[in-house]
Amino acid sequence: MDKAPVLDDAFLVVKHGKFAAFGRQTPEALAGLHDRFTIGEVFDAQNGVVLPSWCDAHTHTVFAGSREQEFVDRMKGLSYQQIAERGGGILNSADRLRQTSEHDLYVAALERVHDMIRMGTGAIEIKSGYGLDEASELKMLRVIRRLRETLPIPVRSTFLGAHAVPREFKGDRSAYLALLTGNLFPKIASEGLADFCDIFCEQGYFSAEESREYLAAAVRHGMRPKVHAEQLSRSGGIQAGISVGAISVDHLEYASDEDIRSLAASETIPVLLPGAQLFLGLQAPPARRMIAAGNAVALSTDFNPGSSPSGNMNLAVSLASILYKMTPREAIVAATLNAAAAMGVQDTHGSIGIGKAANFIVTKPLDSVEAYPYYFGQPLIRQCFLNGRTLESLGL
Ligand code: NIG
Ligand code: FE
């Protein structure tokens with residue numbers, strides 16, 4: 001990951017919305033370009049850095065209302081778990097989501113994704129999981145489908161009905177899981193509403209054994225597993241995910257050395273979410289040990305109203321360097337190519353490669369790639385392109 005190549009003084013050709021050529025601006029290369037292409041519009045990147053757009057492989061961007069009161073309660077000393085035990089947390093968001101129409105959810109989520117696109121995001125995964133009943137979970141998935149139909153970036157959909165046990169099923173987790181597998185899985189499969197199926201594997205939520213069984217059933221309904229794993233404690237979610245061929249396991253603050261070895265020997269991508277880790281004041285995940293073991297570590301925002309109210313991938317990249325000691329190049333690879341793999345779009349997005357979608361960021365003049373994560377929180381984007389078009393030309 002640290003060997004990600006950087007070309008100085010480079011050119012980039014986009015044709016029909018895809019990368020068609022790139023290289024160093026030598027006189028021979030430029031002459032060759034004029035033989036191969038009819039050059040139309042030219043954009044001078046000046047001394048900016050050109051990066052592939054971010055791929056955000058873990059978000060809960062469809063939600064209703066906000067939870068800043070819980071934020072204030074945490075400032076006064078309550079923990080995330082204590083707030084959840086008092087009926088706040090995910091159940092608080094579920095109450096609000098159930099009362100919000102599909103149209104209003106769509107409008108609010110669209111605005112959030114537009115902001116993320118302006119911050120350089122060029123592909124996004126979005127989860128359900130704030131409905132927690134049949135009608136409301138389907139409502140969320142339909143909102144995600146509508147976003148997929150209207151947004152200029154790829155949208156991948158994840159069914160996270162197993163995000164928490166709703167009040168109606170308090171004390172009867174297995175009945176709730178049976179509702180999800182028996183009633184919702186077939187509907188989701190027949191309407192093609194979800195690419196992935198996720199579960200919150202954690203004390204007070206769902207166990208590793210429940211996660212494994214549930215996700216194995218999801219596979220039988222055509223959904224590839226993901227797991228919210230080892231976020232607040234060592235839950236066994238990583239091992240459960242690997243055993244069912246999960247595309248990714250996410251969070252991982254409490255991953256053990258054995259988990260890291262198992263991940264490296266598997267096809268499952270570890271996705272780290274520094275926004276949530278920082279916002280909740282959790283311990284850092286063992287990113288350096290994961291990379292040393294040969295893992296393709298990915299980064300995403302976890303944008304959600306409870307643990308990470310930020311969809312800013314630039315910040316996630318800077319935080320990964322500051323908090324996890326990932327080098328800027330490692331963090332950039334983690335937020336682009338590796339995150340693309342964590343949401344199954346790596347063949348078309350996540351890097352500058354011939355034939356891939358021309359989704360890219362041009363920064364303000366910078367002395368090096370390293371300067372980008374270094375200026376954390378600074379507005380360094382000069383222009384974003386999606387399929388070779390500026391955001392202005394797309395009405396964004
Ligand atoms: O990814 N960990 C579980 N789910 C979310 C938080 C959900 C919430 O608090 O609304 C997360 O951190
Ligand atoms: Fe999450």
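These legends accompany several close-up views of a predicted model.

View 1. His228 and Asp302 bring together distant parts of the chain, since they are 74 residues apart. His228 sits in strand S8 (residues 224–229), while Asp302 belongs to the loop between strand S11 (298–299) and helix H13 (313–324). Are these two residues buried or exposed? His228 counts as buried because its relative accessibility is 3%, and Asp302 is buried as well, with a relative accessible area of 1%.

View 2. A disulfide is a covalent bond between the sulfur atoms of two cysteines. How many does this model have? The count comes to 0 disulfides. Take Cys55: the nearest cysteine sulfur belongs to Cys384 and is 13 Å away. Cys55 is buried, with a relative accessible area of 1%. Cys197 is in no disulfide either, as the nearest cysteine sulfur, that of Cys201, lies 13 Å away. For Cys197 the relative accessible area is 0%, so this residue is buried.

**View 3. Inside the largest nonpolar core.** In soluble globular proteins, nonpolar side chains tend to be buried together. The largest nonpolar core of this model has 94 residues. Which of them touch the most other members? They are Phe159, Tyr214 and Met326. Setting aside neighbours within four places in sequence, Tyr214 is in contact with several residues, including Phe159, Leu177, Leu180, Phe185 and Ile199.

View 4. Strands of a sheet pair through backbone hydrogen bonds, either parallel or antiparallel. In this sheet the pairing is antiparallel, and the strand order is S3-S12-S13-S14. S3 and strand S14 (389–390) stand at the edges with a single partner strand each, so one side of each has no neighbour in the sheet. Strand S3 (residues 48–52) pairs with strand S12 (residues 360–365) over 4 bridges, and S12 pairs with strand S13 (residues 381–386) over 4 bridges. Val362 is a handy residue to look for in S12: Val50 stands opposite Val362, and the bridge partner of Val362 in S13 is Gln383.

**View 5. Helix H6 and what packs against it.** Helix H6 (residues 134–150) has 17 residues. From first C-alpha to last, H6 reaches 25 Å, close to the 24 Å expected at 1.5 Å a residue. Buried residues of H6 include Leu138, Met140, Leu141, Val143, Ile144 and Leu147; Ser136, Glu137 and Lys139 are also among them. Which elements do the buried residues of H6 pack against? Their partners are helix H4 (90–98), helix H5 (102–118), strand S5 (121–127), strand S6 (155–162) and helix H7 (173–191).

Technical notes:
Residues numbered from 1 in each chain as written. Chains lettered and ligands numbered in written order. Predicted model: local features only at pLDDT ≥ 70, side-chain atom pairs only at ≥ 80, totals over all residues. Heavy atoms only, no water. Helix = DSSP H or I, 4+ residues; strand = E, 2+ residues; numbered from the N terminus. Buried < 20%, exposed > 50% of the residue type's maximum accessible area, 1.4 Å probe, protein only. Disulfide = S-S within 2.5 Å. Core = buried A, V, L, I, M, F, W, Y, C linked by side-chain atoms within 4.5 Å. Contact = heavy atoms within 4.5 Å. Pairing = 2+ DSSP bridges. Expected span 1.5 Å × (residues − 1).
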